[in-house]
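The sequence and structure are shown first.

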Amino acid sequence: MAAEDPAGNAPSRSKRADAQRNRETVLTAAAEVFVTSGVDAPIRQIAAQAGVGMATIYRHFPTRADLVTAVYQHQIEACAEAGPNLLAMADSPLDALRQWIDLFVDFLVTKHGLADALQSDSDRFAALHAYFLDRLLPVCAHLLDAAVEAGDIRPGTQPYELMRGIGNLCIERDNDPRYDPRRLIALLLQGLQRPRTS
């Protein structure tokens with residue numbers, strides 16, 4: 001009997017691994033579709049992008065709100081995990097901060113339409129917003145502190161103010177194709193930099 005258990009467990013582990021891969025594939029595809037088509041994009045479009053059947057999506061995410069929430073959390077985690085990695089690999093803390101802000105802007109664009117999608121469930125949206133702040137504020141603070149310590153930027157910038165300012169600059173992106181928030185965000189970062197003495 002004991003010899004049968006490992007054999008019986010192996011397919012279960014394999015199925016769990018497959019299910020997790022499918023879930024990650026769906027989340028990545030949904031994030032890409034949300035960027036171009038918003039959170040109201042047809043589920044079949046997301047399924048086609050992911051290369052899975054619609055039943056697979058509904059098995060993991062029974063409602064659209066479930067899918068949108070999961071994409072939002074997935075993007076938060078990716079953004080949070082990127083901060084320390086960028087700091088370890090970038091040429092300078094300022095470069096790490098710039099690259100992280102670029103990812104953060106991608107994230108803000110991805111979550112276009114989130115509030116509308118979750119309008120009927122304000123408690124869920126409030127919990128997501130709290131999760132967003134809990135995960136990303138410390139990462140932004142760490143990058144800012146490293147850039148200050150390296151002498152790249154002036155001290156005194158609060159991470160919440162920086163993230164809120166970047167978010168505000170991204171708001172009108174969808175309404176005006178001539179508007180590129182990244183240009184203004186680059187100017188904002190330039191304004192934070194400590195002047196170099198010759």
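## Basis of the model

The model is predicted: local features need pLDDT of at least 70, side-chain atom pairs count only at pLDDT 80 or more, and totals for chains, interfaces and linings use all residues. Residues are numbered from 1 along each chain as its sequence is written, and side-chain values use heavy atoms, with hydrogens and water left out.

## Aromatic pairs

Rings of Phe, Tyr and Trp (its six-membered ring) pair if their centres lie within 6.5 Å; planes under 30 degrees apart count as stacked, over 60 as edge-to-face and the rest as tilted. Phe104 and Phe107 are three residues apart in helix α5 (residues 93-110), and are therefore separated by about one helical turn. Helices are DSSP runs (H or I, at least four residues), numbered from the N terminus. Phe107 is buried at 2% relative accessibility, and Phe104 is buried with a relative accessible area of 1%; buried means under 20% relative accessible area, exposed over 50% and partly exposed in between (1.4 Å probe, protein chains only).

Phe104 also pairs with Phe132: the centres are 6.1 Å apart and the planes are at 20°, so these rings are stacked as well. This pair links distant parts of the chain, with Phe104 in helix α5 and Phe132 in helix α7 (residues 122-149), 28 residues apart. Phe132, like Phe104, is buried. One aromatic cluster is formed by Tyr72, Trp100, Phe104, Phe107 and Phe132.

## Cysteines

The structure contains zero disulfides, a disulfide being a pair of cysteine sulfur atoms within 2.5 Å. For Cys140, the closest cysteine sulfur belongs to Cys79, and the separation of 9.4 Å is too far for a bond. Cys140 is buried at 0% relative accessibility. Cys170 is buried too, with a relative accessible area of 11%.

## Surroundings of Met54

Met54 belongs to helix α3 (residues 54-60) and, at 37% relative accessibility, counts as partly exposed. Not counting residues up to four places away in sequence, Met54 touches Ile43, Arg44 and Ala47, where contact means heavy atoms within 4.5 Å. Arg44 is ten residues from Met54 along the chain, and the C-alpha atoms of the two are separated by 6.2 Å.

Notes
Helices (H or I, at least four residues) and strands (E, at least two) are DSSP runs, numbered from the N terminus.
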